[in-house]
Amino acid sequence: MVYYNSDGSEGTMCGKGGRCLVRFASDLGIVESETHFIAIDGPHLAYIDAEKISLQMQNVSEFKSIQADFYTNTGSPHYVTFCSDAAQINVREIGAKIRYSEAFKEQNGTNVNFVEKMDDEQLFVRTYERGVEDETYSCGTGVTAAALISHIQEGYQSPIKIKTLGGNLSVKFQGDIINGFHDIFLIGP
């Protein structure tokens, strides 16, 4: 899978794109209940059923605290910040400031996730995506980052339900911050 952003630049891993790629291949009869593909961040496994695609993401073991916020790479770089009312955040304005900040200049910026805790099992996530240079309705690598950080910071347990403007997803995983996370699956329609 080679992914291009809306600005024409080649992107890093795209979780929602990967799920769409798998569904498309399934709809064409190229694959059935399971498939593998290679993306810019390496190999991926996906399981297919009528209602959802379960896409295995890369293992994640590096996390960085930035004041009260966090940074990790889930195939794409993500800055994760918790907020009390994600619906009211100006994602484009605040996201662009963080994306273009000096801290992320050497790596061509970062994606920015605004995460609201809905309850003990569900998050609401909004994402500013670099390359798109605006908010996207759903970001697979972003919700994956939000889920892992929520486990570390807030004690959320796998699987974590995630609401985005584009729909509902979940992320399941094994591991912890000490040993790293593995068997990470992004699950959604």
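**The core and its surroundings**

Let's start inside: the largest nonpolar core has 32 residues, and those with the most contacts within it are Leu123, Ile162, Val171 and Ile184. A nonpolar core here is a set of buried Ala, Val, Leu, Ile, Met, Phe, Trp, Tyr and Cys residues joined through side-chain atoms within 4.5 Å. Buried means under 20% relative accessible area, exposed means over 50%, and partly exposed is in between, all with a 1.4 Å probe and protein chains only. The largest share of this core, 6 residues, comes from α3. Helices (H or I, at least four residues) and strands (E, at least two) are DSSP runs, numbered from the N terminus.

Before going on, a word on the source: this is a predicted model, where local features need pLDDT of at least 70, side-chain atom pairs count only at pLDDT 80 or more, and totals for chains, interfaces and linings use all residues. Residues are numbered from 1 along each chain as its sequence is written, and side-chain values use heavy atoms, with hydrogens and water left out.

Now zoom in on Ile162. Leaving aside residues up to four places away in sequence, Ile162 touches Gln122, Leu123, Val125, Val143, Ala147, Gly167, Asn168, Leu169, Ser170 and Val171, where contact means heavy atoms within 4.5 Å. There's also a second, separate core of 12 residues, and Cys83, Ile89, Val91 and Phe114 are among them. As a rule, in soluble globular proteins, nonpolar side chains tend to be buried together.

Phe37 sits in strand β1, residues 34-39, and is buried because its relative accessible area is 11%. Its contacts, again skipping residues up to four places away in sequence, are Met1, Met13, Gly18, Leu21, Val22, Gly42, Pro43, His44 and Leu55. Leu21 is 16 residues from Phe37 along the chain, and their C-alpha atoms are separated by 9.5 Å.

What about the cysteines? The structure holds 0 disulfides, a disulfide being a pair of cysteine sulfur atoms within 2.5 Å. Cys20 is in none, with the nearest cysteine sulfur, that of Cys14, 7.6 Å away; at 53% relative accessibility, Cys20 counts as exposed. Cys139 is buried, at a relative accessible area of 4%. Its sulfur is 6.9 Å from the closest cysteine sulfur, in Cys14, so the gap is too far for a bond.

Most residues other than glycine have a negative phi, and most peptide bonds are trans. Ser158 and Pro159, though, are joined by a cis peptide bond, with omega about -5°, and Pro159 is in the loop between α3 and β10 (160-164). Asn108 isn't a glycine, yet has a positive phi of about 65°. You'll find Asn108 in the loop between α2 (91-99) and β7 (111-117), and at 52% relative accessibility that residue counts as exposed. Glu133, not a glycine either, has a positive phi of about 60°, in the loop between β8 (122-129) and β9 (134-136).
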